Structures are given as C-alpha cells and as structure tokens.
Amino acid sequence: MHAIIVGGGLVGSLEACFLAKRGLKVDLFEARQDIRLLEHVKGRSINLALSVRGREALGAVDLEHEVVSGGIRMNARKIHDINGKLSAQAYGTKDQYILSIDRRKLNETLLSAAESNSNVTLHFKHKFIKADLDEGKAVFLNSDGQEVEAHADLIVGCDGAYSALRRHIMRTTRFDYSQEYIPHGYMELSIPPSKDDKFQMDHNFLHIWPRGEFMMIALPNQDKSFTLTLFMPFNIFESIKTNEDLLIFFNKYFKDSIDLIGMKELCDCFFSSKALPLVSIKCWPYHVGKNALLLGDAAHAMVPFYGQGMNCGLEDCLVLDEIFEEFGNDLESILNTYSISRNPDAKAICDLAMYNYVEMRDLVNSRGFLFRKKVDNILHMIMPNSFIPLYTMVSFTRLRYHQIIKKWKFQKKIVDSALYVLLLSSFIIPTVFIASNKLKLWNLW
C-alpha cells in the first residue's frame, strides 16, 4: 500500500514513522524548507510540554528515550503572585512530571527517523493545492512553480490548524466544521541565561504569573533561557502603545519579571512582535471514504492551556496504529472506526483546554481551589485506582478524554456532596449539643 502525508510537522513526521513500520510506501510532502538545513526557523514557541500520551506514541516507534533525554523535567507549577511571592503546586504525586521539549529538535528527530526508513521519501517545498480523493490523487506545487501529481491508497492531512487538505474536503463533501477565536491573544518574550550562563529561575518548574483576566507562563530551554508567553485580551495588548505604557503595566502586574527579561529587551521584543490569535477548531468526520484522513491540528486544533495539543496529535498516530492492528489493511473500516472513536475525545480535550485557561489565569490563586486540590490529592492517595484528579487523568494516563470528563464530573459531584454534609454537620452537631446542654440545665433548675 502507498500513503501520501500532507505536512511534515510533528504529527506528519511521526505518522510517516508509524506507516513505514507497517510496511506502507510513504511520500511526505511539506510546503516549507527542510528545517534541518535552516539556521533559524520562524514559528511558534520553541518549547512544548510532553506528557504520557505523547511519550507512549513516541515509544511505539522507539523514539521515547531519545526525545526524553533531551527534555527538561518540570515537577510542578511555580506560582508568582502580584507581590513576587512564590509558591509551588505539584501536578500530582512526586514521581509525576511533564517535560519541556524543544519543538524544532523534536521535529528534526522525527523527520530523520522517518527518512531512515527505505520506504519513506520526504519532499520539501511542495505545497498542496488540490486533490481528487476518489481517485487517491493529490497535486502539489513545487518551488519551481510546477505542479507535481501523486497517487496513493491513502492521503493523510497533517498540515495544521489552517489545513489546506481540510479546506479542500470542506468544498467537496458534506463536512461539519466550527472554529472559535477566543478574545485573548498571545505574545512570546524571553528570559535569557544569567551572565554566568545559568538559569535565572528554578528550571524544574512551569512558572505562571496568574492575574485573573490574563497571565504569563515560562518554560525552560536547554540553552538556560526561558520562553515567556503572555496571554491576554487583544484590547489590553492594543492599549499598550509606548515604552512607558509597557513598563507601567509590567511594574504593576509582572514586576519580578522585569529584571529577568531586561527593561530594554522587554520593550524591544514587545514592540517588534505582534499578538497572535488563539483558535479552537472542531470538525466531523475526520475521513473521506477509504482514501483520506485528517490528524492532529488539521482535525482538532485547540487553545494551548492544557499542554495537550502536541500530546493529543501524537496520540492520534498511536490510536490510528492500534486500529490498523485490529483491521489489517481494510482502509474503509480503519478510517471509519478512527473517526467514530477519536472525534468525541478530540472535542472533549478542546473543551478541557478552554476550562484550564480559567484555572491557570485565575483559580490557582483561589483558596477554595487550593483546598479542593488538596482534598482531591488526599482522596487519590487513599483510593489511587478509584479517585483520580482531573489533571492526573489528562496528563499522566491514557484514559480517553471524553471518559475523563464523565469521571471528573461524577467525582466532583461526590466530593461536593461530601463537603456539603461535613459543613452541615459542623453546624448542626454543635447546635444540637448546645441546645441539649441548655435543656439539661433548665431541667436541673
């Protein structure tokens, strides 16, 4: 069998590895240059958070150890309050952590791993322009402006949130599609290494500056720097027009970060950058007949607040491989089963990502949230297999996302009821005791 993969990012290059392992002839077409040959690569953040789902997908093609060895452990969140006070919030148990991974290095590793298979050919500077999916035909435009036609049994779209293959499918088939831009944008800043080439903050944490309506986060890089990402409403970005505006804003909300970034560097970076949009995309189905399939952001782009965009995309490849194992080379059954199985999970994690933004920017400062988190962790210690905190289920298990939401809501209902009973009891019992003693005194009198 022969497969065409549109897009050579993280999901596309990993899917090439999976299909090659199954013996398919694979042609991967990428619109950009080969990033392995470039000194600088334009794009989003240079680091990503890798957790269990992504690790298991990498492990299935024998790449987990190589990738993990180049990552930086983040054992907990480090919260920076508005006065500069620091506090830690563990993700789960002491042995549970996520990894900060260099996006470019991971992509290069996956491309090289795919190319190491004799049945995989990589084609760079080939932009997808059209397809005849019934015929298994895809047409690309190469760097010379010439059309290149390719034929295959399967065409897999892994070309991101603004997928060209998905747009083609939307024009030619009955296809449900929705997108939602949130009012917040993001901008990337940077904390450089110290003068003696060390991290300026504790590097084994995901640092968060939660400020209610907006927030800033920092992930560590191998070069001892941190990538800062500022998330806030576009109207606030647009209200900052001068260096003075920016420094007043940062002095008020992120004062402890100014010396770390550098005043000049902060101003230069902020005004030379542009706040970028954040979009959540849902669609259905993920396949067309027995010839075409969408994976990763092309099928389910999400806002980045659960750190699951990459992990979910990599897990897509693993789920598809597991379905291949069940149905052999019956592409019609494989693609139909994948759509039916994966769609509720993808929609669920898109919704959870939206929820986690509220948690990260606001709830992490709430006493009620912190108390509830302690209760969840205590119950998890007592009943590790029965009661599992939401973040643990998402990041440290492979429980299906839609089942996680059901379990989380059930657990929340049980705990809320128990806390209500305890609260009520703490009021009723002393009241009854006092009333009883008063009655005894009255009778004695």
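**View 1. Welcome to the whole chain, a predicted model.** The C-alpha atoms fill a box of roughly 105 × 55 × 40 Å along the principal axes. Of the 445 residues, 51% count as buried. The chain carries 52 positive and 52 negative side chains, and the centres of these two sets are 8 Å apart.

View 2. Lys224 is partly exposed, with a relative accessible area of 28%.

**View 3. Lys125 lies in the loop between β8 (120–124) and β9 (127–132).** This residue is not a glycine, yet its phi is positive, about 55°. Lys125 counts as partly exposed, at 38% relative accessibility. As background, most residues other than glycine have a negative phi.

**View 4. A cis peptide bond links Trp284 to Pro285.** Omega is about -5° at this bond. Look for Pro285 in the loop between β17 (276–284) and β18 (287–288).

**View 5. Helices α7 (residues 243–253) and α9 (residues 263–272) cross at roughly 115°.** Their axes come within 10 Å, and the crossing is right-handed. From α7, the contact is made by Asn243, Leu246, Leu247 and Phe250. Their partners on α9 are Met263, Leu266, Cys267, Phe270 and Phe271.

Technical notes: Residues numbered from 1 in each chain as written. Predicted model: local features only at pLDDT ≥ 70, side-chain atom pairs only at ≥ 80, totals over all residues. Heavy atoms only, no water. Buried < 20%, exposed > 50% of the residue type's maximum accessible area, 1.4 Å probe, protein only. Lys, Arg positive; Asp, Glu negative; His and termini not counted. Charge placed at Lys NZ, Arg CZ, Asp CG, Glu CD. Axes fitted to C-alpha atoms, helices over the stretch in contact; angles between N-to-C directions. Helix = DSSP H or I, 4+ residues; strand = E, 2+ residues; numbered from the N terminus. Left-handed = near helix turned anticlockwise from the far one by under 90°. Contact = heavy atoms within 4.5 Å.
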